Amino acid sequence: MYKRGASRDYINADDKEESSAFVHFLNGKDVGNPPWRRSLPHVLVATLSSFLFGYHLGVVNETLESISLDLGFIGNTLAEGLVVSTCLGGAFVGCLFSGWIADGVGHRRAFQLCALPMIIGASMSATTKSLWGMLLGRLFVGTGMGLGPPVAALYVAEVSPAFVRGTFGSFTQIATCLGLMGALFIGLPAKEIVGWWRMCFWVSTVPAAVLALSMEFCAESPHWLFKRGRGVEAEVVFEKLLGGLHVKSAMAELSRSDRGDDKDTVKLSELFNGRHFKVVFIGSTLFALQQLSGINAVFYFSSTVFKSFGVPSDLANICVGIANLLGSLIATILMDKLGRKILLLGSFSGMAVSMGLEVIAASSFASGSGALYLSVGGMLLFVLTFALGAGPVPGLLLSEIFPSRIRAKAMAFCMAVHWVINFFVGLLFLRLLEQIGAQVLYTIFGAFCLLAVFFVKSNVLETKGKSLQEIEIALLPLE
């Protein structure tokens, strides 16, 4: 059996910021925080899956018209809708199986399995001569989109030091924003250059291939290794991620939260019964309220709203993208300073105010330029405040509050809830807008935002600065 050497053998230049703590370590005292630079490269590679998620969500926005023209379904709104929504169906399937895949083959292999259908699907879409080829390619891509985000949330939470876990967790949201904006800018020439849309799909195979190859050199989740009974390998990974001084305390934390049942197969029924019910309920409700706030209706149809006021769709998409990115950057700075709960409360409150502005803009109290400023301003404020908390926090928070034993499968279930509600909001938004009007619809969205504020205040535990094991012990009652 491999025998781990003394911790001091693993201390190198990367641990310079720890050197002043070494004497305290020898005396049995606190050694301070581990160096965040060790885990950063692994986190950045994992966020490529989120970049691809954002890219494939946005890749058809600017290219759909030229795709429909080249493939012969121009003017067929059903076919155009299928090109957009087929990947959402694939994402639902992918996220359903993500927990079982991550638990079965490990997080690194799960990322590689996420990249593979994205490469195959994008290549099929780029070379197809028919609508059916495009739909099949989008379905393949969608399975990778569904698999990537929950695994990324798990991986980032499990390889990051506790004191920067919130900041690192926000990187996935930033990567999604960059993917959306990248798809927008790459797609801009599609209306002028014949066949450019094929290049847009080919481009996406590059980061997918980089993700698959880079994962060969990244660390496996030490939590997954420990659950599989591979404690020695978990120690080696902790040394790689945290430095030699922190291995002993990290392994002690893992052992503390181990209740002897981690090797058993988790049944789906366990997520809804007994001691796990509360955290799964909190997680699924958070994702449900995130979608019922109307955020994806705003993302999908913002260009339609802007166009009604004479603002070009490409400019509208750029403005929404900048607001989303700006909010995500601010959230990254504040996540480990203010904490998850405060950001969620402020975010949902700001979204409720934004929907109030949209209601006023749609009413008889506003007209002309006043309605324009209120509607556009409200929409941009809505996206900005969403990106401050309601966007990045749920995925991070859920990967923190779920016990190690059920973490992967519980994340898969909550992401499935997310995709189902996402699908129906996108499907019904325009129909409801026609039947009940903008005022009533925006009022409903605002009411869900306020409901989210009360739910977060009553049910969400602050996890800032706590280890995953501390959170698990605090939340999970003994049997």
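Colleague: Among contacts in the protein between residues at least 6 apart in sequence, what share joins residues at least 24 apart?

Modeller: This is a predicted model, and in it 82% of the contacts between residues at least 6 apart in sequence join residues that are at least 24 apart.

Colleague: And how many helices and strands are there?

Modeller: The protein has 20 helices and zero strands, and of its 479 residues, 57% are buried.

Colleague: What about the accessible surface, how much of that belongs to carbon and sulfur atoms?

Modeller: Carbon and sulfur atoms account for 67% of the accessible surface, which comes to about 19,900 Å² for the protein.

Colleague: Let's go inside, then. How many residues are in the largest nonpolar core, and which have the most contacts inside it?

Modeller: That core has 109 residues, and those with the most contacts inside it are Phe 111, Tyr 155, Leu 211, Met 215, Leu 286, Phe 348 and Phe 402. Its largest share, 19 residues, is supplied by helix H19, which covers residues 407-459. Another core, of 17 residues, lies apart from it and includes Phe 73, Ala 79, Val 83 and Met 134.

Colleague: Pick Tyr 155 for me: which residues is it in contact with, leaving aside neighbours within four places in sequence?

Modeller: With those neighbours left aside, Tyr 155 contacts His 42, Ala 46, His 107, Phe 111, Met 215, Cys 218, Ala 219, Glu 220 and Ser 221.

Colleague: Changing topic, at what angle do helix H5 and helix H6 cross?

Modeller: The axes of H5 (residues 77-105) and H6 (residues 107-127) cross at roughly 130 degrees and come within 7 Å, which makes H5 oblique to H6. At their contact, Ile 101, Ala 102 and Val 105 of H5 meet His 107, Arg 109, Ala 110 and Leu 113 of H6, and by class these are five nonpolar, one polar and one charged residues.

Colleague: Now Ser 39, is that buried or exposed, and why?

Modeller: Ser 39 counts as buried because its relative accessibility is 0%. The residue sits in the loop between helix H1 (22-26) and helix H2 (40-46), and, not counting residues up to four places away in sequence, Ser 39 touches Val 159, Ser 160, Pro 161, Phe 168 and Leu 241.

Colleague: Last one: where is Leu 381 found?

Modeller: Leu 381 is in helix H17, residues 369-390, and it is partly exposed because its relative accessible area is 30%. Leaving aside neighbours within four places in sequence, Leu 381 is in contact with Ser 354 and Leu 357.

Colleague: How far apart are Leu 381 and Ser 354 in space?

Modeller: From C-alpha to C-alpha they are 6.1 Å apart, although 27 residues separate Leu 381 and Ser 354 in sequence.

Notes:
Residues are numbered from 1 along each chain as its sequence is written. This is a predicted model: local features need pLDDT of at least 70, side-chain atom pairs count only at pLDDT 80 or more; totals for chains, interfaces and linings use all residues. Side-chain values use heavy atoms; hydrogens and water are left out. Axes are lines fitted to C-alpha atoms, for helices over the stretch in contact, and angles run from 0 to 180 degrees between N-to-C directions. Helices (H or I, at least four residues) and strands (E, at least two) are DSSP runs, numbered from the N terminus. Angles under 35 degrees count as roughly parallel, over 145 as roughly antiparallel, 65 to 115 as roughly perpendicular and the rest as oblique. Contact means heavy atoms within 4.5 Å. Ala, Val, Leu, Ile, Met, Phe, Trp, Tyr, Cys and Pro count as nonpolar, Asp, Glu, Lys and Arg as charged, and the others, Gly among them, as polar. A nonpolar core is a set of buried Ala, Val, Leu, Ile, Met, Phe, Trp, Tyr and Cys residues joined through side-chain atoms within 4.5 Å. Buried means under 20% relative accessible area, exposed over 50%, partly exposed in between (1.4 Å probe, protein chains only). Accessible areas come from the Shrake-Rupley method with a 1.4 Å probe; for residues, only the protein chains shown count as cover.
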